[in-house]
Structure formats: C-alpha cells, structure tokens
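Here is a short briefing on a protein model. Look at the structure first, then read the points by topic.

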Number of protein chains: 2
Amino acid sequence: MKKIAGGVTAAKGFMAASAAAGIKYENREDMALIYSQKPCRPAGTFTTNVVKAAPVKWDKAIVTEQEFVQAVVVNAGIANACTGEEGLSYCRQTAQKAAELLDVSENEVLVASTGVIGQQLPMERIVQGVARMALKLEGSKEAGYQAAKAIMTTDTHEKEAAVTFEVGGKQVTIGGMCKGSGMIHPNMCTMLSFLTTDLAISKELLQEALREDVEDTYNMVSVDGDTSTNDTVLLLANGAAENPEITEKNADYETFKQALNMVNQTLAKQMAGDGEGATALFEVKVMGAASKDAAKRLSKSVITSSLTKAAIYGHDANWGRILCAMGYSGVSFDPEKVDLFFESAAGKIQIVQNGVALDYSEEIATKILSEPEVTAIADVKMGKYEAAAWGCDLTYDYVKINADYRS
Amino acid sequence: MKKIAGGVTAAKGFMAASAAAGIKYENREDMALIYSQKPCRPAGTFTTNVVKAAPVKWDKAIVTEQEFVQAVVVNAGIANACTGEEGLSYCRQTAQKAAELLDVSENEVLVASTGVIGQQLPMERIVQGVARMALKLEGSKEAGYQAAKAIMTTDTHEKEAAVTFEVGGKQVTIGGMCKGSGMIHPNMCTMLSFLTTDLAISKELLQEALREDVEDTYNMVSVDGDTSTNDTVLLLANGAAENPEITEKNADYETFKQALNMVNQTLAKQMAGDGEGATALFEVKVMGAASKDAAKRLSKSVITSSLTKAAIYGHDANWGRILCAMGYSGVSFDPEKVDLFFESAAGKIQIVQNGVALDYSEEIATKILSEPEVTAIADVKMGKYEAAAWGCDLTYDYVKINADYRS
C-alpha cells in the first residue's frame, strides 16, 4: 500500500473537468465535473444539520435508491442552502443537463455546492458550465488537479490524495479531493470530499466502510459531531480494477479500509491545516482513555477550544487551557493523573505530570510550538483507548475572513 | 422594585475593601474583601468542570456545611487551579488570616481566585493583602466600586448592579459585582460573581433561588453548560433588613426572585458586552419554541457560533450562519418555518420569513447591526417558549488578547 500523486482521476476509468462559470468569483474556475466511463456503486455521508442544503437532499436520495451513478457536478460560490423548492429544482436541472450531455440518466448524476447560504444559483451560468465541462473531460492528473482547485472557497490550496494497493492480484487505486472548511467551529463551514476508486465492491460494504472511516477522519477535524448545511462525502467505485468483487468482510475488505483511511486522513489533515487564517496544523492525541468514545470526546474538546487555539497561534505552552477543555468535555477522568506533552519536528517536551506543571523550559516549549505542525498529547491513564483530532490555530486572519465573507 | 447605584456594599451591613497585593499586575489593585457585620446565610453555584480550582473545593464545602459565613477574600492574577494539595492549603491559610483579623472562624471565610491556571499563589503577598484590607473595610459605595475594579482580569470596566424592593414593609436590597469572562467559548474563562443582600431568608430557599436564577442568567452568557475551572457565584444574606424571614415559597419569595433576576441579568449582560476584544453586546432571543429547554439550546447555539459572532463584528446580516447554528443545536425544528429579525436602538428589520430571505435593505440591516447592542430574534413557530442568551462579537482583539495571555 503506498501513497501516490493524484486525486479524483488517479483510479482507472475516472475523468474530470473544470470551468470558470462566473458564479461568484472572477478570474478563477468555480465548477468541477467528475465522470466515470463505467457505472459506479455510490456511497455517501451527509450533514446531520437539521438545515440541509438542496444538493444534500438530492444526493441522499440517489445514494440510497440508486445502484449505480456516473457523474458528480460541483460548484463553489453559492451553497444552494435555505433556498426552498426553487433550490431543489436547480439540483434537478443541473443533473438533467449533465445527464443529457453524458448520455446517462439524471438519477445517475450527483451534485454538490459550497459557498454562501440563502442565495439562488445562477442557473444559466451553471448550465453553461456543465456544457463546457462535458466537452473537456480528461483522465489526466492535471484534470483532477484543476478540479480540486475549482471547488475551493476560502481554501488557500487544493487538497488531493491517492493510494494504491493490491486486491486479488489486481492493482487498485483510491483517489480523492476535498475542500475545507477554514474554521474555528468547523461544524459551520462546508466540507466537501469526493473519492473515486476502481475497486469492485458491493454497495453495502462500500457504504459501511465509508461511514465508519468518516467517524475517525473528517469528523475529527475540529468538529463536535455537528455539521454545516452542505457537508458531503461521496465515494464512487467503478470496479475497473477487475478484482474479484468484495462482498464480505474478508482480508481484502480490511485492506481496502486501511487504504481508504490513509486517503481520508491525508485529506482531513490538509483541511485542518488550511483552516481559515491558520498558520499551523494542530493535532491533539488523547491516550489512556477508558473507551474510544471518551478518547474522541476529550480530543475534540481540546481541538475546538478557541482559547487553546489562540495559545497555539501565540506559541504559548498554555497547558491550563488544554486541561480545562478536557475538563468540560463531559468525560470523567482524574485531573490529578494527567500527563501532557507537546511534540513537533523540533522535538518533544513533557509539560505536566499527574496534573501539575513540571519545571520545563519555556524556551524549548516555544521552539516546539513554533513549527507548522504541532501535536499536544494527553495521557489520562484510565485505560487503553486512543484518538486523534485535527484543527488549526486561531489567528487575526480568521476574524478578518469571517467578519465580511459574504461581500 | 427599582435599580439603584452600587454593588456589594449596597445592602445594609456589608463592607468592602481592596488592595494592591502585586500578585501579577503592577499599578493596580488585585485583591478584594467582602465582610458582613452580621453572620450571613451562604448560597453558591460552582463550575461543573471536572477540573475544579482549589477555591471552588474550599467554598463548596463551606456553602454545603456551614449555616453562616461572614467574609469573602478574592484575588485576581492567579486562578489557583491545577495546584494540587499545596493550592488547597493556600485557601485555608488565606481564610485563617482573614478569620483571625475579623474575629470569625476560618470556616466562615470564603475565597475566590481568577487568573492563570497552574501557578501557585504568592502567599506572603496574599496574606499582606488580607491584612491591609481588614484595616480599611468600609460600607461606602466607593469601597464596593473599588472592590469591583480589583477583581477584574481582562475586563475593561468594573461590573456592578443593585436593586431595592420591599418585603413585609421593610426595604430590602440586593447588590453585586462580577468579573468576566472575555470570551468566545466562555466556558473557558472564569466568571466570578458576588452578591449580597440584607434579606432574611432560610438557607434552603436562598440556595434554590440562586441555583434557578443562575440557569437563566450567567449560564446563558454564551455558555453551553460548560464552565471554567473557577466559575463561582456566591450569594450572602445577612438579614439586616429585618423582614419576617422567608421560609416558604410565598409572594415575598417570588418578589425576591424577581429582584435577584434583575441583578443577575444586569451583571450577565455587562459581562457579555465586555467579552475580550468585544465591540458589541450580542443578544439572541428565540421564541415560539416547543419547550424552555429547546429555546435555551437554540439561543445558546447561536450565541456560541464563532462565524455568527465574526459576522456581527462585520455588521453583516449573515442570517445563514444563524440558521445553520440553530440547525446543529440538536433541537428539532422546521427550518422552513423560521422567521428571523435583527433589532437595536437603530430599529428592527425582518430578514427571513419561513426560512427564506426577504428582499430586505442591506443598508438598513447594516445600520441596525452597527449599534453597540444588537439583538437577533428567531421565531421557530413550534410552541410558546422563549429564551435569551448573551454574548459579543468576535474581533481581532480577542485573538490578540488570547494568543499571549500568560505573559
């Protein structure tokens, strides 16, 4: 199993295209199209927010009801959320247009949107964008890369990942792209992730693998279980690798799950590190927890603490804020047993032992916290479970970006 | 019932003093002492954080076990949290010193601390501070005001409130002071509130009234039920008004509860508006909820939304973020029924009707949002329950203050 360069076009039989439809941005592409030459089994996980955007409603129905899909149309700039019946009709129109040009059924086309809530899509531009993209579909690495750039909103760079591995003597690939999600409270920003694989696998197992892995990856990105109106992860499997179809939870299934986790964790960390205004990727690892759930809740509580994130921005080893955030997580533990460490490329330092500060060097701690990737490790000594969560520091630029995002 | 000027010395028989003990700040007072000439019934509510500061442990035991108390010693600068047995022994030493000078028992002295977590108190300075304050106790309005200033940390101004009312033909007063709690996630900053009254009331009813009112006031200040290591509200009743003692839930008790709510809500709103770096007090009112709990959870979810707070700073009527924050509150409601309004001294405007944006004037909305006190009102049309929550906008200065608070 190894990471390779590439994104949504890395797996066999997948093509991509992008276009500047002028939805909201000038001088950049803002639409992407993913297309598989062979029909794909679809899987998806969606926002749990009571307020669901129109494309989420459209995709959920298709992923649930359809055995196969062949395309995904994505736009940035407008989220098509809180747009009522009119917004939902635009999902259908977009899918119809793509279906017509790609010679598939409208029920085989998924759609996704990200951007401002409450505005209607400019349908003429969307339809023109779809038409232009249908003509320029390519299976090249470059086409996947341009698609990853086109779906960005406040992201500062595109996010791609791909992994190859072997199943039944055949080479299989999973590739993907995503967009963040600059964030303090990531639950409020849209996270879109599109994954493609040439694996042959049953629809049920594809869905189960995705659902489980999302819990350990995207849902650990500074999220507390809450999601935006548009959050969507789609995984399409077209079977072009020609492996014997995976229909049970055997060793091949486990291999696939590992590869999927590698792709998703890579994308999740890229998202966290590219949080709005972020200068550092902040990782929180909790070990020694009494249960997996406890480990997750503790690490999420720290990763969502604005005070802790502001301290990371200041390169300040403010362990009190970390302990405090663990304390209000709702998880029971003994504060007087906790050990805390900071780690980065510059080294590792223990700050707290059994709940009390050690006489550590602030200078060394600051050096460790000045790296672009910083990890806080808390050992609560209650059991054997671990979890990791990812986020970023809280900076002036976060406020700047979000004080006037709409205009 | 009416609001009057004053704070912890407004009620009969209460005195206060303050001192510059040099715990952490230069050129300002950082300790306060509250003293009642008559023994007081004590009531208190404390942080629910698993990590409890030493003074919280000290006070909890006293409020639970003692029938009467007579003094409170407060310091700013160091929180005495995560300080182990040594920290707890310092609470006792502080109380002992005050008890000796005021001729009471050490179990009649409460203590409270706010500031940095994980450092030990400089006991020599604390003891000297107590000694100086014991000599200068005064019942004047000025002494109360200086005490309110001395307990500040990142607060930009002191916070006091007082109300008088009549019980059984006697004039009764409740006064108080508090310190915030500049905050995004207020659960992580220390909120201390000290309330004094000359009412005669049983210990049980005093505690019950306080516990209930804290739920509707301090706990609605941008908190989601979580609290810092030190959060404390203390209420002392010395009976000096000489009203017939309230021992049952009669009309007098209800009058007292109304007055207590007036004081606490006034203090809570002052805290919210003085959030770290804040330029505006932000109030969220939810109406038409199916239950009181639903109304509270919806309003708290909006008030803690960093994206919404950043939008308020930008005077941006970004209603999508408000609807989104309501959507992930965990409360069930129909997004397509929601009406949203913004209101301030500059007027009131409806932004959303039945979940969809109206064609409102952005210019007027911006004008309304540019006031120093701004209210968002959401009507979910599910029932008859209402709640309000208070917070502030999220600004550059919040990040600045918190990126390097320790140094």
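Two strands pair if DSSP finds at least two bridges between them. Helices (H or I, at least four residues) and strands (E, at least two) are themselves DSSP runs, numbered from the N terminus. With those terms, strand 11 (residues 339-344) of chain A and strand 12 of chain A are antiparallel partners, joined over five bridges.

This is a predicted model, in which local features need pLDDT of at least 70, side-chain atom pairs count only at pLDDT 80 or more, and totals for chains, interfaces and linings use all residues. Residues are numbered from 1 along each chain as its sequence is written, chains are lettered from A and ligands numbered from 1 in the order in which they are written, and side-chain values use heavy atoms, with hydrogens and water left out.

**Chain A as a whole**

- Chain A has 11 helices and 15 strands.
- Its radius of gyration is 22 Å, close to the 22 Å that the globule rule gives for 407 residues, so chain A is as compact as a globular protein of that length. The radius is taken over C-alpha atoms, and the rule is 2.2 Å times the number of residues to the power 0.38.
- Along the principal axes, the C-alpha atoms of chain A fill a box of roughly 70 × 50 × 35 Å.
- Of the 407 residues of chain A, 63% count as buried. Buried means under 20% relative accessible area, exposed means over 50%, and partly exposed lies in between (1.4 Å probe, protein chains only).
- A contact means heavy atoms within 4.5 Å. Take the contacts in chain A between residues at least 6 apart in sequence: 80% join residues at least 24 apart.
- The accessible surface of chain A comes to about 14,200 Å², and 47% of that belongs to carbon and sulfur atoms. Such areas come from the Shrake-Rupley method with a 1.4 Å probe; for residues, only the protein chains shown count as cover.
- Chain A carries 39 positive and 53 negative side chains, and the centres of the two sets lie 1 Å apart. Lys and Arg count as positive and Asp and Glu as negative, while His and the chain ends are not counted. Each charge is placed at NZ of Lys, CZ of Arg, CG of Asp or CD of Glu.

**The six-strand sheet of chain A**

- Six strands make an open sheet in chain A, in the order 13-12-11-14-10-15, and the pairing is mixed.
- Strand 13 and strand 15 (385-392) of chain A are the edge strands: each pairs on one side only.
- F341(A) has Q350(A), in strand 12 of chain A, as its bridge partner.
- N354(A) sits in the loop between strand 12 (347-353) and strand 13 (356-357) of chain A. N354(A) has a positive phi of about 50 degrees, although it is not a glycine. Its relative accessible area is 39%, so N354(A) is partly exposed.

- A310(A) belongs to helix 8 of chain A. At 0% relative accessibility, A310(A) is buried.
- The C-alpha atoms of A310(A) and T395(A) are separated by 6.7 Å, though the two residues are 85 apart along the chain.
- H315(A) lies in the loop between helix 8 (306-313) and helix 9 (319-327) of chain A. H315(A) is not a glycine, yet it has a positive phi of about 55 degrees. With 28% relative accessibility, H315(A) counts as partly exposed.

**A buried threonine**

- T164(A) lies in strand 6 (residues 159-167) of chain A. T164(A) is buried, at 7% relative accessible area.
- Leaving out residues up to four places away in sequence, T164(A) touches M1(A), K2(A), I4(A), Q171(A), V172(A) and T173(A).

**Strands of chain B**

- All 10 of the 10 residues of strand 4 (residues 69-78) of chain B are buried, so strand 4 is largely enclosed by the rest of the structure.
- Strand 3 (residues 31-46) of chain B pairs with strand 4 of chain B in the antiparallel sense, over six bridges. Here M31(B) has N75(B) as its bridge partner.
- Strand 4 of chain B runs parallel to strand 5 (residues 109-116) of chain B, and eight bridges join them. V73(B) has V111(B) as its bridge partner.
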